[in-house]
Amino acid sequence: MSAVNLIAVFAENQLGQMGRITQVLADAGVNIRWVTIATNERLGVIKFLVDKCDLAYESLHQKGWTASLVEVLAIEVEDKPGGLHTVADCLARNKINVENSSGFVSNNRAVLLIEVQDVAAARQILTKQTLRLLSQEEILTL
Amino acid sequence: MNMTEHHPISAPDFMPVNELRATQLSRLQRTVQQAYDHVPLFHRRLDERGLKPADVRSLEDVRRLPFTVKADLRDTYPYGLFAAPMKEIVRLHASSGTTGKPIVVAYTQDDIRVWTETIMRSLVSCGLHAGDIVQNAYGYGLFTGGLGAHYGAEALGATVIPISGGNTERQLMVMKDFGVTAICCTPSYFLHLIDQSQQMGVDLKKLPLRAGVFGAEPWTENMRERIEAQSNIKAYDIYGLTEIIGPGVGIECAHQAGLHIFEDHFLAEIIDPETLEPLPIGSEGELVLTTLSKQAMPMIRYRTRDITAFYTEPCACGRSIRRIRRIGRRSDDMLIIRGINVFPSQIEAGLLRIEGTLPHYQIVLTREKDLDQMEVQVEVTPEVFSDEVRGLEELRKKIVRSIETITGIRVALRLVEPHTIQRSEGKAKRVIDKRNM
């Protein structure tokens, strides 16, 4: 099992919206490990990587937020020049179209999160390569 | 004012009352017979009441006839209420229904003649005559306003400029350069023209423009005062509805005190919209109209949903045809946005088509620069939530297109978070009207 779940929340692009959401997560005792925000002029989608995904979903849902779980792939990237390029090149060669991606470095380990149309197919292709996919547990204990 | 000053077409406006009532009765009898013979729905409804056309012996007997409502036009869409064969029908127009489909209305050559006549009489009532230069800024097309006003103005001998709606700068250029003396459009659009003229440095008060024939939406005395003060024209209210004929059912005269109904062609009643009982003259209620001359699509006791009352006093203009008060409100939830009829149920139909279930939504009406703006706010449910901004933008566009297909207007649509639309007793208030008319 090497899929990672993010929690996506719909929010209008207004001052203070982020704070209202993080308040819900804080109250529920959910720890946020990573966040990414995409907006246009009126609306936005905030995605979190959290330690307790189901609890976060339930809490947001109960407070009336529209949220969903997004399955992403977490790829370990070598933390050196050309590391990201190796991954990008592999994705391109295997014709995997990335809808969204974000990356971070933690304790000298670099991780690239990618969202793709067909997670299962992408996972299959990527595991045949030399790339290493991280599980939810692994990514949370980095 | 002496009636001999008027164009001869306006003679029926001044018909002696007993003659007018006799004309109405014989035309009513003919219309009922024709509808009974050719419109299955009406035939069935008369049979259910145990009535025959011959039972209409007086004008009061109209009260025994069944009502026709907008839903009847939807249920018989498109041609079910036509009483003439298609080879005699020379024109179709359409207007919004209450849900997905429009309503369709038909005209024979003779219907067009009658319509042209009522528009001519309307324009005469507003002081127009041969030689006037008329800018017709009602929309041309399926909407009855454009072609209706066009035919009438042309038949009067006026010079018609068929500019149709929109393109404000060009409208003002034409108005100034062509020496326009009268304009036909919605009152809110004319207020917009006034606003734009000031920005373009055109002084409407210095132009030959002297009359405006404004309709297709309700407007207030307050709006009339603004229009007349800022453009130095006389602003007249014209009344009509697609189901009956289009514009030209009723019109104000020089006294601007109520709208004269062309009673020789349209039989008017005022009923209590709750009990459906006729109300005494002078009481406020819903206007019900029966066409007396229409061939292609006679309408028997059509419930207009417009709330008004008859004037009890005769008008100083000398017209014998009765007047109703200007329409201020309706007995249903129809909205009139820039002259186009919109029902909340159409917005719902548009949302349902995309989402499958009905989300909480709200319609917010505002008036910016004197033009109506309609914003539809829709709560994003987990079912339709896309975790991509692009996906949400696509959803928004899909809903806009769906609503446009049904209503014919492009609304501003905003996706909002769940539970942000106020609910009262669990039910959302669907329409917030912030227009200050």
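**Notes on the strands and cysteines of a predicted model**

1. Strand 1 of chain B (residues 89-95) is mostly covered, with five of its seven residues buried. Buried here means under 20% relative accessible area, with exposed over 50% and partly exposed in between (1.4 Å probe, protein chains only). Strands are DSSP runs of E, at least two residues, numbered from the N terminus.

2. A word on the ground rules. This is a predicted model, where local features need pLDDT of at least 70 and side-chain atom pairs count only at pLDDT 80 or more, while totals for chains, interfaces and linings use all residues; side-chain values use heavy atoms, with hydrogens and water left out. Residues are numbered from 1 along each chain as its sequence is written, and chains are lettered from A and ligands numbered from 1 in the order in which they are written.

3. Back to strand 1 of chain B: it pairs with strand 2 of chain B (residues 103-108) in the antiparallel sense, over six bridges. To count as paired, two strands need at least two DSSP bridges between them. If you want one pair to look at, take B:Ala94, whose bridge partner in strand 2 of chain B is B:Val104.

4. Next, an open sheet of four strands in chain B, in the order 10-11-12-14, with antiparallel pairing. Strand 10 (266-271) and strand 14 (329-330) of chain B each have a single partner strand, so one side of each is left without a neighbour in the sheet. Strand 14 of chain B is joined to strand 12 of chain B (residues 302-308) by two bridges, antiparallel. There, B:Ile307 has B:Arg329 as its bridge partner.

5. Chain B also has an open four-strand sheet in the order 19-18-17-22, and here the pairing is mixed. Its edges are strand 19 (412-416) and strand 22 (431-433) of chain B, each pairing on one side only. On average, neighbouring strands of this sheet are turned by 20° against each other, direction ignored; the axes behind that are lines fitted to C-alpha atoms, and angles run from 0 to 180 degrees between N-to-C directions.

6. Within that sheet, strand 17 (residues 361-368) and strand 18 (residues 371-379) of chain B run antiparallel and are joined by eight bridges. B:Tyr361 stands opposite B:Val378 of strand 18.

7. Finally, the cysteines. How many disulfides turn up in a search of the whole structure? Zero, over all chains, taking a disulfide as a pair of cysteine sulfur atoms within 2.5 Å. B:Cys317 is in no disulfide, and its nearest cysteine sulfur, that of B:Cys315, is 3.6 Å away. B:Cys317 is buried, at 2% relative accessible area. A:Cys53 is buried too, at 9%.
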